[in-house]
Amino acid sequence: MRTQVAIIGAGPAGLFLSLLLKRLGIESVILELHTRQYIEERVRAGLLEYNTVQLMHELGVGERLRRQGLEHGGIELRFNGRSHRIDFRDLAAGKCVTIYAQHEVIKDLVAARLAANCPILFETTDATLHALDSTSPYVTFRHNSQKEGAAERLDCDFIAGCDGFHGVSRAAIPAGVLTTYERDYPFGWLGILAQAPPASKELIYVHHDRGFALLSMRSPEITRLYLQCAPDEDLGLWPDDRIWSELHKRFATRDGWRLTEGPITQKAVTGMRSFVVEPMQFGRLFLAGDAAHIVPPTGAKGLNLAVSDVGVLAEALGSFYSRGSSDLLAQYSATCLRRVWKVQRFSWWMTQLLHRFPDDNPFDHRRQLADLDYVTTSRAASQSLAENYVGLPLP
Ligand code: FAD
Ligand code: PHB
């Protein structure tokens with residue numbers, strides 16, 4: 001098999017890249033480890049930045065998003081039992097964010113790609129990257145749903161490593177090339193989906209003595225809730241009653257606001273880390289999305305950052321194929337990393353502002369409250385939060 005761009009991974013990065021390339025007349029083949037059903041059902045992110053929403057409309061995949069997405073013009077920060085609204089439309093030039101589940105985005109992108117007769121090879125295993133520092137790289141793999149898993153080879157001009165944090169692309173880069181920057185957090189999030197109408201129209205981020213909590217949603221009938229927990233928290237110790245009791249404590253306000261309860265349909269613990277590799281390129285391999293960087297979910301940035309990376313990559317590949325210029329490809333990593341680091345800073349800032357750290361002392365607690373007081377009373381500070389939250393300009 002031969003194509004122009006081999007894309008490893010059908011997550012947001014790989015799928016958006018394939019549609020951006022298609023628009024430029026560039027061919028690609030996507031190799032995905034899991035089944036279509038698995039990637040279309042995996043519960044992950046929920047919040048799309050303004051630019052991500054615009055891109056879905058531009059690519060012609062925004063029809064369900066237009067009908068089912070929930071536009072949010074602000075968020076609430078809740079601390080000391082009181083809520084304070086950050087008004088994005090006022091503070092961020094009329095922009096808003098949209099709640100629309102990541103697996104719904106995946107469904108829309110997969111459907112568009114398959115409708116255009118562009119291949120996604122699901123259930124490919126043993127993907128191995130070769131000749132990355134030549135002009136003829138290739139990928140070998142096994143395609144388990146066909147030919148009894150015989151070994152196959154995909155020749156290409158470029159490889160896009162869009163296979164997430166645990167993928168094979170980053171690991172294919174020779175030792176000594178990449179520098180890793182990282183920070184682990186001494187906590188995780190216990191996330192649930194509940195069949196209950198959200199108790200608030202907008203997201204609520206809670207700072208509480210007992211730890212962080214977040215109210216989000218998936219639809220007018222489904223609430224998504226998160227609780228700060230230990231990074232290796234045992235879900236077996238969290239029967240539904242205990243989860244609701246803890247959530248009620250953290251969301252409590254002085255004026256008796258109540259969380260709505262309903263049957264819990266999904267429960268999971270997610271670890272938190274900040275992680276960046278530099279550069280995001282080696283030879284003809286370009287890393288994008290979680291393969292190159294991870295942010296803690298507090299700023300809701302992971303999916304959105306993956307989308308901005310592949311926007312840069314598609315433009316650079318477009319310039320290569322249309323004008324024969326490698327300049328933008330050579331700048332890919334530096335261009336992405338400027339935005340990546342600003343988004344890392346914001347995600348870290350939101351995380352340290354709202355969570356309890358095990359070694360916090362009363363000084364740290366007072367400092368967090370002062371920061372929250374400042375952010376909710378100074379127009380300059382709330383504007384800074386708002387412009388980062390709705391999404392910084394694309395590179
Ligand atoms: P992935 O989504 O990880 O996709 C990688 C794909 O590659 C997968 O389909 C995988 O199966 C495939 N793959 C892996 N290895 C191989 C291989 N060897 N061969 C072939 N294929 C392979 N982000 C936001 O922007 N907003 C949010 O609100 C938000 N909330 C989150 C909440 C939670 C609980 C979690 C866990 C994450 C959240 N994120 C959020 C982060 C977001 O989900 C990720 O940043 C995003 O999925 C990254 O996209 P990606 O395409 O880079 O990687
Ligand atoms: C979500 O809806 O899953 C979500 C929203 C905001 C975040 C993180 C996750 O900061």
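The model is predicted, and every value below was computed from it. The protein has 395 residues, and 55% of them are buried. Its secondary structure comes to 11 helices and 20 strands. Ligand 1 has 33 residues around it, and the protein buries 89% of the area that ligand 1 exposes when taken alone, while for ligand 2 the protein covers 97% of the corresponding area.

**Overall dimensions**

- The radius of gyration of the protein is 22 Å, which agrees with the value near 21 Å that a compact globule of 395 residues would have.
- Along the principal axes, the C-alpha trace of the protein spans about 65 × 45 × 40 Å.

**Surroundings of ligand 1**

- Among the 33 residues around ligand 1, those that come nearest are Ala13, Glu32, Gln102, Asp290 and Leu303.
- Glutamate 32 places a polar side-chain atom 2.6 Å from an oxygen atom of ligand 1, and arginine 42 likewise has a polar side-chain atom 3.2 Å from an oxygen atom of this ligand.
- Leucine 303 takes part through its backbone, a polar atom of which is 2.8 Å from an oxygen atom of ligand 1.
- Taken alone, ligand 1 exposes 1000 Å², and the protein buries 89% of that area.
- Helix H1 (12-23), strand E16 and helix H8 (302-323) each supply at least two residues of the shell around ligand 1, and the largest share, 4 residues, comes from H8.
- By class, the shell around ligand 1 is made up of 15 nonpolar, 11 polar and 7 charged residues.

**Surroundings of ligand 2**

- The residues around ligand 2 include Gly46, Trp189, Leu203, Tyr205, Leu214 and Ser216, together with Arg218, Arg224, Tyr226, Pro297, Thr298 and Ala300.
- A polar side-chain atom of arginine 218 lies 2.8 Å from an oxygen atom of ligand 2, and a polar side-chain atom of tyrosine 226 lies 2.6 Å from an oxygen atom of the ligand.
- In the case of proline 297, a backbone N or O atom lies 2.9 Å from an oxygen atom of ligand 2.
- On its own, ligand 2 has 280 Å² of accessible area, of which the protein covers 97%.
- Strands E15 (213-219) and E16 (222-229) each contribute at least two residues to the shell around ligand 2, with the largest share, 3 residues, coming from E15.
- The shell around ligand 2 divides into 7 nonpolar, 3 polar and 2 charged residues.

**Cysteines**

- The count of disulfides comes to 0.
- Cysteine 162 is in no disulfide, and the nearest cysteine sulfur, that of cysteine 336, is 11 Å away, whereas a disulfide would require the two sulfur atoms to be within 2.5 Å.
- Cysteine 162 is buried, because its relative accessible area is 5% and the cut-off for buried is under 20%.
- Cysteine 229 also counts as buried, at 8% relative accessibility.

**Backbone details in loops**

- The peptide bond from glutamate 278 to proline 279 is cis, with omega near -10 degrees, and proline 279 lies in the loop between strand E17 (264-278) and strand E18 (281-282).
- Alanine 93 has a positive phi of about 50 degrees although it is not a glycine; this residue is found in the loop between helix H5 (88-91) and strand E7 (97-99), and at 74% relative accessibility alanine 93 counts as exposed.
- Asparagine 117, which is not a glycine either, has a positive phi of about 60 degrees; its place is in the loop between helix H6 (102-115) and strand E8 (120-121), and with a relative accessible area of 71% asparagine 117 is exposed.
- Glycine 167 sits in the loop between strand E12 (158-161) and strand E13 (179-194), where it counts as partly exposed at 22% relative accessibility.
- The C-alpha atoms of glycine 167 and alanine 127 are separated by 9.5 Å, although the two residues are 40 residues apart along the chain.

Definitions and conventions
Residues numbered from 1 in each chain as written. Chains lettered and ligands numbered in written order. Predicted model: local features only at pLDDT ≥ 70, side-chain atom pairs only at ≥ 80, totals over all residues. Heavy atoms only, no water. Buried < 20%, exposed > 50% of the residue type's maximum accessible area, 1.4 Å probe, protein only. Near = heavy atom within 4 Å. Polar contact = N/O pair within 3.5 Å; in protein donor to acceptor, adjacent residues only side chain to side chain. Areas by Shrake-Rupley, 256 points an atom, 1.4 Å probe, with all protein chains shown as cover. Nonpolar A, V, L, I, M, F, W, Y, C, P; charged D, E, K, R; others polar. Rg over C-alpha atoms; globule rule 2.2 N^0.38 Å.
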